[in-house]
Amino acid sequence: MDDTPSTPRSDLKPIQISERTRPGSSTRDIVFDVQKLSLHYGSTLAISEITVPIYKNHVTAFIGPSGCGKSTFIRCLNRMNDLVPIARVTGQVLYHGQDLYGPTVDPVQVRRHIGMVFQKPNPFPKSIYDNIAWGLKILGKKDNLDDRVEQALRKAALWDEVKDRLKSSGLALSGGQQQRLCIARAIAIEPDVILMDEPASALDPISTTRIEDLIHELKQDYTIAIVTHNMQQAARVADMTAFFSLDVSEGRRAGVLVEYDETTTIFTRPADKRTEDYVTGRFG
Amino acid sequence: MSTLPTSANGPDVPPIFHVDRRLKRRKIVNRLMEGVSTLAALLAVAVLVLLVGSVVVRGASAFNGAFFTQVASGDFLNPAGGGIAHAIVGSAVIVLLATLIAVPVGVLVAIYTSEFARPQVAGIVRLCLDVLNGIPSIVIGIFIFGLLVVGRGQAAWIASVALSVIMLPLIARSTQEVLTLVPLTLREAALGVGVAKWRMVIGIVIPASLGGIMTGVSLAIARVAGETAPILFTSSIAVNQISTDVSHALQTIPVLIFTYSESPEPADHAKAWGGAILLIGFVLFTSVLSRMLMSRMKRRLEGGARGELLGRVTGLLGLFRRPSA
Ligand SMILES: Nc1ncnc2c1ncn2[C@@H]1O[C@H](COP(=O)(O)OP(=O)(O)OP(=O)(O)O)[C@@H](O)[C@H]1O
Ligand SMILES: [Mg+2]
């Protein structure tokens with residue numbers, strides 16, 4: 001991605017923070033309590049001692065320069081990194097108090113509770129209907145299958161566009177529709193959390209807006225963690241924002257969490273100089 | 001470092017654009033190379049055209065209704081009568097049974113190595129398959145002969161076993177290649193909805209690569225349909241009867257071509273050439289079919305590993321160019 005704000009931009013407009021009611025900080029339930037999470041790819045440290053709480057029914061955005069380990073981090077939250085044989089995790093990810101990396105935890109079960117939407121839309125090479133029904137059938141949610149498919153598509157704001165062609169291939173949809181199909185697929189299995197790794201980076205502005213609106217809606221029912229390159233997007237959709245950066249001290253290049261706060265604070269009164277430089281586009 | 005020649009712009013460096021002679025020579029060599037390789041390509045096409053042409057010219061006279069529907073006449077007064085229906089049926093039965101044996105085993109081997117095995121183990125299995133693929137079919141024939149025919153006598157099912165041994169590495173290796181074409185993002189999508197790995201393999205990976213798997217299978221079928229050596233050992237002493245009983249030896253097209261070509265009767269020669277046309281036609285058919293299947297898979301995976309696919313498929317076809325014994 002070359003649209004990272006790696007060059008100083010003096011003409012940057014102040015980032016608009018959307019006006020909305022933020023959940024009161026006193027009633028926050030913690031969904032993920034991440035404690036000193038580190039991940040090595042082979043012998044290379046990718047992220048170092050990340051400690052961050054993720055709150056229920058909040059949208060939490062993870063921003064930061066390319067390569068600082070945002071994807072690596074978010075993939076730790078549903079054990080997607082288990083697919084990478086050389087990845088090794090230390091530290092704790094407590095999910096409602098349970099360590100996701102505990103010895104008795106089944107990663108397949110983890111992913112039923114914590115769904116994921118990927119950067120590139122990746123629908124199955126199946127019909128639109130089966131893209132959603134396949135997982136449901138395997139997970140034993142076979143009752144009212146048609147209903148469940150419809151509800152998922154409605155929640156993903158895709159139903160009206162595809163209701164007449166549920167039998168046609170999911171790959172025949174546009175990029176934005178495909179991504180909403182992937183969101184519908186993730187919603188259908190009724191997870192508790194939805195992780196999104198740059199869900200709109202491959203989409204045009206209109207599709208992006210639709211996905212962002214969708215994230216707003218989904219917040220009522222789900223906890224959402226989203227990685228984004230786009231700071232305006234983080235400002236628009238997120239309640240909480242975490243800024244990651246690359247720590248190059250002591251001869252290492254590892255992703256670290258620089259600052260974590262309410263989105264408004266991160267974008268208007270960041271505590272750390274590095275955060276300020278990044279969100280104002282002065283990041284070099 | 002300090003001993004580096006400092007004459008980078010010195011007087012003994014030839015001027016950059018003053019290379020007329022060398023340029024000329026390079027152009028000639030270029031032309032020559034182009035000409036020679038074009039000639040070689042033409043030669044390859046010509047060989048195929050000549051081969052098919054001469055087989056068709058010599059065998060066409062044998063083609064009539066009886067050729068496909070009747071068995072060898074055995075009538076000395078009318079040697080041109082009768083047909084090779086028994087060999088066609090025999091070949092079909094033996095190859096079908098061989099396919100039924102080889103496909104499940106081959107596909108499972110491929111699934112094991114590319115989805116479940118540790119990299120080192122997968123490498124060893126792959127090497128074994130390549131070695132097996134390189135063993136001449138006459139060796140496989142005599143091995144199966146010693147194992148199953150001795151003491152029991154010939155039977156069509158034994159021929160099927162021999163052919164399935166030839167098919168196994170072809171199917172396993174081509175399926176392995178095809179499975180690696182299924183993009184990681186698709187696997188992540190499947191696991192992301194919380195299904196176990198074997199569900200992902202059966203529900204997403206296999207269906208997505210079905211076209212490619214079928215390509216390998218159809219090429220393997222084409223490859224063994226013309227195999228002669230293993231069948232000589234296992235199913236060559238057959239009666240001239242249409243039969244699907246695999247407990248006895250059945251006549252096959254390749255063996256029929258082999259025996260008829262040594263017959264003193266010219267009409268038998270024509271039948272041998274006719275059989276050859278059938279084999280060529282079958283290979284042509286399967287090649288076209290496999291191409292169609294592969295492009296279907298490509299379309300299904302559109303947006304996935306698009307670019308490298310063609311190259312990989314070409315490499316995959318290379319597996320099948322084994323010297324026939
Ligand atoms: N499968 C892997 N094997 C080895 N190293 C990896 C792997 N995936 C990522 N890395 C390395 O880990 C570091 C962090 O990568 P990651 O993809 O998490 O960054 P990111 O913040 O998501 O970047 P981007 O914004 O470009 O997506 C990078 O240096 C990357 O090269
Ligand atoms: Mg990333």
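These legends describe close-up views of a predicted model.

Local features need pLDDT of at least 70 and side-chain atom pairs count only at pLDDT 80 or more, while totals for chains, interfaces and linings use all residues. Residues are numbered from 1 along each chain as its sequence is written, and chains are lettered from A and ligands numbered from 1 in the order in which they are written.

**View 1. The shell around ligand 1.** Ligand 1 is surrounded by 12 residues, a residue being near if its C-beta atom, placed from the backbone, lies within 6 Å. The closest are Tyr41(A), Ser66(A), Lys70(A), Ser71(A) and Thr72(A). Helix H1 (residues 70-76) of chain A gives the most to this shell, with three residues; helices are DSSP runs (H or I, at least four residues), and strands are E runs of at least two, numbered from the N terminus.

**View 2. Chain B and its helices.** Chain B has 12 helices and zero strands. Of its 325 residues, 37% are buried (20 or more other C-beta atoms within 10 Å of the residue's own, with C-beta atoms placed from the backbone).

**View 3. Helix H11 of chain B.** The 35 residues of H11(B) (residues 266-300) should span 51 Å at 1.5 Å a residue, which agrees with end C-alpha atoms 51 Å apart; the expected span is 1.5 Å times one less than the number of residues. Among the buried residues of H11(B) are Trp273(B), Leu278(B), Leu293(B) and Met297(B).

**View 4. Helices H7 and H8 of chain B.** H7(B) (residues 184-192) and H8(B) (residues 197-225) pack at about 150 degrees, with axes 10 Å apart. The two helices are therefore roughly antiparallel (angles over 145 degrees, on a scale from 0 to 180 between N-to-C directions).

Definitions and conventions:
Buried ≥ 20, exposed ≤ 12 C-beta atoms within 10 Å, placed from the backbone. Parallel < 35°, antiparallel > 145°, perpendicular 65-115°, else oblique.
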